[in-house]
Amino acid sequence: MDSELFRAHAHEVADWLADYLRDVGRRPVLPPVAPGQIRSQLPADPPASGEPFEQLLADFDQLILPGITHWQHPGWFGYFPANASPPSILAEMLTAGLAAQCMSWQTSPAATELEQHVMGWLRDLLGLPADFTGVIQDTASTSTLVALLTARERATDFAAGVRGLDDTAAPPLTVYTSAEAHSSVAKGVKLAGFGLDRLRSIETDQDYAVRPDRLAQALEYDRRAGFKPACVVATVGTTSSTALDPLRPIGELCREYGAWFHVDASYAGSAAVLPDFRWILDGVELADSFVVNPHKWLLVNFDCSAYFVRDVDALLHTFQASPEYLRTARDAEVVNFRDWGIQLGRRFRALKLWFVIRSYGVDGLRAMVRRHIELAAEFRRWVDASPEFEAMAPTPLALVCFRWHPVGVDDGAALDELNRRVLAAINATGSVFLTHTLLGGRYVLRLAVGQWQTTEADVSRAWRVIQQAAAELAAAPAESAR
Ligand code: PLP
């Protein structure tokens with residue numbers, strides 16, 4: 001493809017994307033396809049000779065698009081959002097074109113320096129402590145693994161310092177997190193080699209936030225039993241219900257027991273762009289590390305996970321590797337982000353964060369987050385006012401956990417089954433998409449307002465679709481409804 005042909009096709013793709021983002025609301029959010037259906041239409045072998053781009057784009061439309069789940073649909077209320085705003089898409093196009101490997105300062109000085117700069121912007125935008133330094137990782141799962149690996153290194157050194165490096169009796173390490181924590185914590189504990197039997201799952205309160213008194217008991221029990229608490233992972237905004245672990249008492253316990261304190265605010269951290277929501281991070285100054293995903297709620301397309309750490313030396317001590325071929329004359333003067341995480345090769349992700357912050361401005365980002373929180377509050381009021389539905393958890397941010405509870409049905413298992421069916425019926429409409437979770441062992445529907453194109457009309461439509469699906473199920477023959 002020569003440069004003129006590339007120019008022409010790039011224009012076609014840009015037109016395609018503009019149409020897509022404008023019209024995505026007309027498509028079914030969830031593609032009505034069966035497993036294997038998309039693949040069965042693909043040729044068994046690759047083409048022997050190159051095909052024209054027109055053919056590729058046509059096949060993309062006919063074969064691939066029907067099997068795409070539309071995360072940019074204004075009726076997207078599932079999981080948490082994964083927004084791709086127009087400025088972030090444009091930055092991603094430039095990033096793809098530059099194709100710079102941002103492993104060292106030398107391999108793209110502007111990428112490194114923009115990442116340093118824009119992470120400083122983000123830190124201040126969220127009101128995080130001034131002594132936090134940021135680096136962009138791919139996902140929160142990676143950021144949490146990085147925290148766990150750093151905690152392990154620090155605890156091992158600590159143990160070695162006390163007992164001597166060759167002492168096999170160094171205390172075994174333990175990790176603590178909420179029973180409601182994201183599965184990436186347990187995965188990280190496994191990958192970092194602690195062993196799942198060293199992960200302590202701490203009981204939560206009636207609002208699904210971790211109980212500091214239970215954490216204190218677990219830490220003390222382990223210390224007396226000869227374990228060394230290495231890390232506590234708190235969650236601000238749990239995946240199931242956006243419960244907010246209280247950071248201050250947890251941080252104080254971490255100080256007392258010498259444990260690394262990592263805060264997973266992957267989704268909810270973005271709410272701290274609003275000064276009146278900064279209370280959710282009260283006590284964050286006690287944290288050793290912190291993760292928030294701009295690729296969830298801050299208009300930056302996947303992937304962009306912002307990881308902040310206080311002790312950069314601890315990070316370098318864990319990840320630094322400088323083989324001869326990577327060394328440069330500038331190493332003593334610059335930051336080489338390859339030493340701040342697991343990967344060597346790194347994408348130029350700072351560009352999209354920069355484009356997004358500049359395009360929307362602080363006011364624009366705040367307005368979007370506030371609008372989502374207000375829309376969720378409105379939906380919550382509808383749920384609370386309905387005799388047929390009930391809220392199942394507090395709504396501190398923009399996620400509403402609720403269930404259908406028809407009058408006269410009180411058996412927990414029957415309600416679970418009804419809600420499973422109503423969710424399937426809601427999503428089968430194609431006009432909105434919700435997901436579910438378990439809270440206190442019960443099946444709960446989650447409506448997460450956060451897609452950047454979602455308006456009040458979309459939230460109203462969701463409520464109508466939900467009510468209608470419930471009414472139709474209630475009117476169906478007894479065995480398929482109540
Ligand atoms: N932590 C929390 C609280 C989450 O809700 C999620 C995903 O939704 C994750 C971690 C994992 O995020 P990622 O997909 O960036 O690894």
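The shell around the ligand is made up, by class, of 10 polar, two charged and two nonpolar residues. This is a predicted model, and the values below are computed from it.

There are 14 residues around the ligand, and those that come nearest are Ala-140, Ser-141, Thr-239, Asp-264 and Asn-293. Two helices each supply at least two residues of this shell: helix H5, which covers 140–163, and helix H9, which covers 294–297.

One involves the backbone: a polar backbone atom of Ala-140 is 2.8 Å from an oxygen atom of the ligand. Side chains take part as well. In Lys-296, an N or O atom of the side chain is 3.2 Å from a ligand oxygen, and in His-295 a polar side-chain atom lies 3.4 Å from an oxygen atom of the ligand. Taken alone, the ligand would expose 390 Å², and the protein buries 86% of that area. As for where the ligand sits, the space it takes is the largest pocket.

Next comes the chain as a whole. Its secondary structure amounts to 13 helices and 11 strands. The radius of gyration of the chain is 24 Å, while the globule rule gives 23 Å for 482 residues; the two values are close, so the chain is as compact as a globular protein of that length.

Two places in the backbone remain. Most peptide bonds are trans, and most residues other than glycine have a negative phi. Against that background, the peptide bond that runs from Phe-302 to Asp-303 is cis, and its omega is near 10°. Asp-303 is placed in the loop between H9 and strand E7, the latter covering 305–309. H9 is also one of the helices that supply residues to the shell around the ligand.

The other place is Tyr-208. Its phi is near 70°, which is a positive value in a residue other than glycine. Tyr-208 is found in the loop between strand E3 (199–202) and helix H7 (212–224).

Key: Residues numbered from 1 in each chain as written. Predicted model: local features only at pLDDT ≥ 70, side-chain atom pairs only at ≥ 80, totals over all residues. Heavy atoms only, no water. Near = heavy atom within 4 Å. Polar contact = N/O pair within 3.5 Å; in protein donor to acceptor, adjacent residues only side chain to side chain. Areas by Shrake-Rupley, 256 points an atom, 1.4 Å probe, with all protein chains shown as cover. 1 Å grid on protein atoms, 1.4 Å probe; cavity = no way out; pocket = protein on both sides within 12 Å on 5 of 7 lines; lining within 4 Å. Sits in = over half its atoms within 2 Å of the grid points. Helix = DSSP H or I, 4+ residues; strand = E, 2+ residues; numbered from the N terminus. Nonpolar A, V, L, I, M, F, W, Y, C, P; charged D, E, K, R; others polar. Rg over C-alpha atoms; globule rule 2.2 N^0.38 Å.
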